[in-house]
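The points are grouped by topic.

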Amino acid sequence: MAQTAEVQAAPASAQQLSGDIFIRNAIATAQALDAGGAGQVYDTGSAALKASTTRQQFTEAVASTNARTGGVVAREWSRVERVRVAPPAEGANAPAVPGGNYITVYLLARTASGTAHLEQVSFRLDEDNQWRLSGVTALLPEQSQG
């Protein structure tokens with residue numbers, strides 16, 4: 001399971017990064033979350049993930065999202081983004097997102113009912129030069145208010 005949430009083969013050098021590695025790991029991570037592996041995915045996540053949420057909050061959020069979507073039957077990648085977040089200035093309040101290098105893979109997820117939504121699977125280059133999961137977000141369409 002560690003391979004799903006930790007991009008072990010990715011080199012630290014930004015010039016050597018391959019989007020394919022992150023796409024494969026993002027899809028594998030999303031599938032592990034679908035299959036009830038949220039706790040194990042959290043356990044191998046980055047320090048940034050663990051600083052932003054507890055294991056219980058993470059697993060409950062994944063279960064809630066899975067219940068709302070009704071089950072994903074197919075995923076394909078839409079885009080890959082690389083972002084460098086600057087560390088806070090000395091004496092500044094800690095930012096919501098810790099400084100560092102991030103890769104986010106956007107996946108188009110299709111459900112059995114025929115609906116689709118975007119998923120963001122983000123990885124952070126941790127201090128030990130390993131890329132680890134830093135967050136997962138499902139961008140679900142709002143339920144119609146009727």
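In the predicted model, G114 takes a positive phi near 95° in the hairpin of β3 and β4, which has four residues between the strands.

**Strands around the hairpin**

- Strand β3 covers residues 100-111, and strand β4 covers residues 116-125.
- β3 and β4 run antiparallel and are joined by nine bridges.
- Within this pairing, R110 stands opposite A116 in β4.
- β3 is also joined to strand β2 (residues 72-85), by twelve bridges, and these two strands run antiparallel as well.
- Here E81 has T104 in β3 as its bridge partner.
- β3 is largely enclosed by the rest of the structure, because nine of its twelve residues are buried.

**T44**

- T44 lies in the loop that links α3 (38-43) to α4 (47-52).
- The relative accessible area of T44 is 19%; the cut-off for a buried residue is under 20%, so T44 counts as buried.
- The backbone oxygen of V41 is reached by the side chain of T44 at 3.1 Å.

**T53**

- T53 is placed in the loop between α4 and α5 (55-69).
- With a relative accessibility of 15%, T53 is buried.
- A polar contact of 3.2 Å links the side chain of T53 to the side chain of Q57.
- Apart from neighbours within four places in sequence, T53 is in contact with Y42 and F58.

**The chain as a whole**

- Five helices and five strands make up the secondary structure elements of the protein chain.
- Their order along the sequence is α-β-α-α-α-α-β-β-β-β.
- Of the 146 residues in the protein chain, 38% are buried.
- Among contacts with a separation of 6 or more, 55% are between residues 24 or more positions apart.
- The protein chain has an accessible surface of about 8200 Å², and carbon and sulfur atoms account for 49% of this surface.

Note on methods. Residues numbered from 1 in each chain as written. Predicted model: local features only at pLDDT ≥ 70, side-chain atom pairs only at ≥ 80, totals over all residues. Heavy atoms only, no water. Buried < 20%, exposed > 50% of the residue type's maximum accessible area, 1.4 Å probe, protein only. Polar contact = N/O pair within 3.5 Å; in protein donor to acceptor, adjacent residues only side chain to side chain. Contact = heavy atoms within 4.5 Å. Areas by Shrake-Rupley, 256 points an atom, 1.4 Å probe, with all protein chains shown as cover. Pairing = 2+ DSSP bridges.
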